[in-house]
Amino acid sequence: MFGSLVASAKGLESIDERMLQCGLSRRAFLQFCATLMIAAPYGLAITDKKTPEDVAAGLGKVIRPPILWLSFQDCTGCTESLLQTSHPDFGDLILNVISLEYHEVLMAGAGMQARQVLDEAVTKYAGKYVLVVEGSIPTGARGIYMKTGGRTAMDVLADVGGKAAAIIAIGSCASWGGIPSADPDPTGAVGVVDLMPEKSIVNLPGCPPNPYTLLGVLLQFAADGTLPESDAQRRPKFAYDRDIHEHCPRRAHFDAGNFVKQFGDEGHREGWCLYEMGCKGPETHAGCSTRHFNEIPDVWPIGIGAPCIGCTEKSVAFRKPMFEVVQLHTIAAPPTSFAPIPTTHGHISPVATALVGLAVGAVAGGGYVASRKYSMVLGDESVPGARPPGDGASGSSRPSGPDNDAGPKASA
Ligand code: FSX
Ligand code: SF4
Ligand code: F3S
């Protein structure tokens, strides 16, 4: 067990011991555990408990995992999302739950002093630490586009990653290149898994990802030495098995045919569906629709009126034009039993809702029919955005037709 392995390493204490030492309040820790339970309601042994008190009791015994954090080509958004949790003392709390041995952005030291700290930590915890990588790694021109302490990012990763017990690639950049890898990709940016596919690596894509996903993975590894079950892209299922569109609070408006046509229009102000503004929710797997950021309700892209750009999908964000309308892979026509949607223009009857929904389906035309075929392929587990074998349908296209240009749908 990882916990017992590091327990023998001098200087590492349990989370409970650390709490006591730092005078951190039990109440804050319980709140942290409750948030973790909400962020990871299943699929993690550490949150598979009835109450936050049970989670706290289990977590308290866990030896604080030594973490080394490397930053490559990134915007530091992943670090920010970890620190900007809504509670003023949550950043502190998180940093006391884990044992952050090295983090260039947060540490006071610089230059050779920082390099010394890194080398010492790598030696002291060799084979026991978890490496968190933020940002993509430039591989063009033999990696010359980024150097720290006289070494290229490729060399630093090979050294520090090679001695890690496990690696967590946080953010889309570290997972598969992210923004730096967008066309024309001048630096040859890649993700960690491209350079060391044989290592135990968990990808946590998102720009940035939810910080509690990171904490959940780290703490499970510290508790029993295992990593959560992952999908084909090495994303933990507990956080990435949801389809944004299926769990979106604006889904009723999609089904009713209430679409924002322009930022700032009446539909936008009313919180209508952002599909026609290029929302990639229908082909994006992430937990943001139900697990918002910074513990503040509605703090996530769609919640603040911005279309999802598909930042957790390798084939979507920074690959597809932001405002291009996606193909629908799910059945869009609503059942007739949906409750009426209140609008400023009155009410939409369930029958009208169904008709409008069908009209929307018709507007999507060939793309929609193809997408229905896609979703009907038995056992087809391929990534949204990819095409099933033998499907010759064309790529994403903005639906055209008279209905697409109509204003907000009114009542029947
Ligand atoms: Fe930024 Fe992280 Fe995006 Fe990348 O997040 S939030 S550009 S995923 O590496 O800092
Ligand atoms: Fe939500 Fe986007 Fe789906 Fe509309 S298209 S329901 S905004 S995920
Ligand atoms: Fe990213 Fe879309 Fe969520 S842009 S943060 S996956 S809503």
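Across the protein the average pLDDT is 79, and 75% of the residues score at least 70. This is a predicted model, in which local features need pLDDT of at least 70 and side-chain atom pairs count only at pLDDT 80 or more, while totals for chains, interfaces and linings use all residues. Residues are numbered from 1 along each chain as its sequence is written, and chains are lettered from A and ligands numbered from 1 in the order in which they are written.

**The sheet**

- Five strands form an open sheet in the order β2-β1-β3-β7-β9, with parallel pairing; strands here are DSSP E runs of at least two residues and helices are H or I runs of at least four, numbered from the N terminus, and two strands pair if DSSP finds at least two bridges between them.
- From one strand to the next the twist averages 20°, with axes taken as lines fitted to C-alpha atoms, for helices over the stretch in contact, and angles running from 0 to 180 degrees between N-to-C directions.
- Strand β7 (residues 166–170) is joined to β9 by four bridges and runs parallel to it, and A169 stands opposite N203 in β9.
- Helix α11 (residues 211–224) lies across β1 (66–71), β3 (130–134), β7 and β9, and runs at about 175° to β7.

**Helix packing around α3**

- The axes of α3 (residues 26–39) and α11 come within 9 Å and cross at roughly 95°, which makes α3 roughly perpendicular to α11, on a scheme where angles under 35 degrees count as roughly parallel, over 145 as roughly antiparallel, 65 to 115 as roughly perpendicular and the rest as oblique.
- This contact is made by T35, L36 and A39 of α3 together with Y212, T213, L215 and G216 of α11, and its residues divide into four nonpolar, three polar and no charged; Ala, Val, Leu, Ile, Met, Phe, Trp, Tyr, Cys and Pro count as nonpolar, Asp, Glu, Lys and Arg as charged, and the others, Gly among them, as polar.
- The axes of α3 and α4 (residues 52–60) come within 8 Å and cross at roughly 105°, and the two helices are therefore roughly perpendicular to each other.
- F29, L30, C33, A34, L36 and M37 in α3 meet P52, E53, V55, A56 and L59 in α4, a contact with 10 nonpolar, no polar and one charged residues.

**Ligand surroundings**

- Ligand 1 has 15 residues around it, of which D74, G77, G171, C173 and C207 come nearest, a residue being near a molecule or strand if its C-beta atom, placed from the backbone, lies within 6 Å of it.
- Two or more residues of the ligand 1 shell come from each of α5 (77–83) and α9 (171–176), and α9 gives the most, with four residues.
- By class, the ligand 1 shell has seven nonpolar, six polar and two charged residues.
- Ligand 2 is surrounded by 14 residues, the closest being C248, C273, Y275, C279 and G281, and its shell has 10 nonpolar, two polar and two charged residues.
- Ligand 3 is surrounded by 13 residues, with A286, C288, P301, C308 and C311 the closest, and its shell has nine nonpolar, four polar and no charged residues.

How values were computed:
Two residues are in contact if their C-beta atoms, placed from the backbone, lie within 7 Å. pLDDT is the predictor's confidence in each residue, from 0 to 100.
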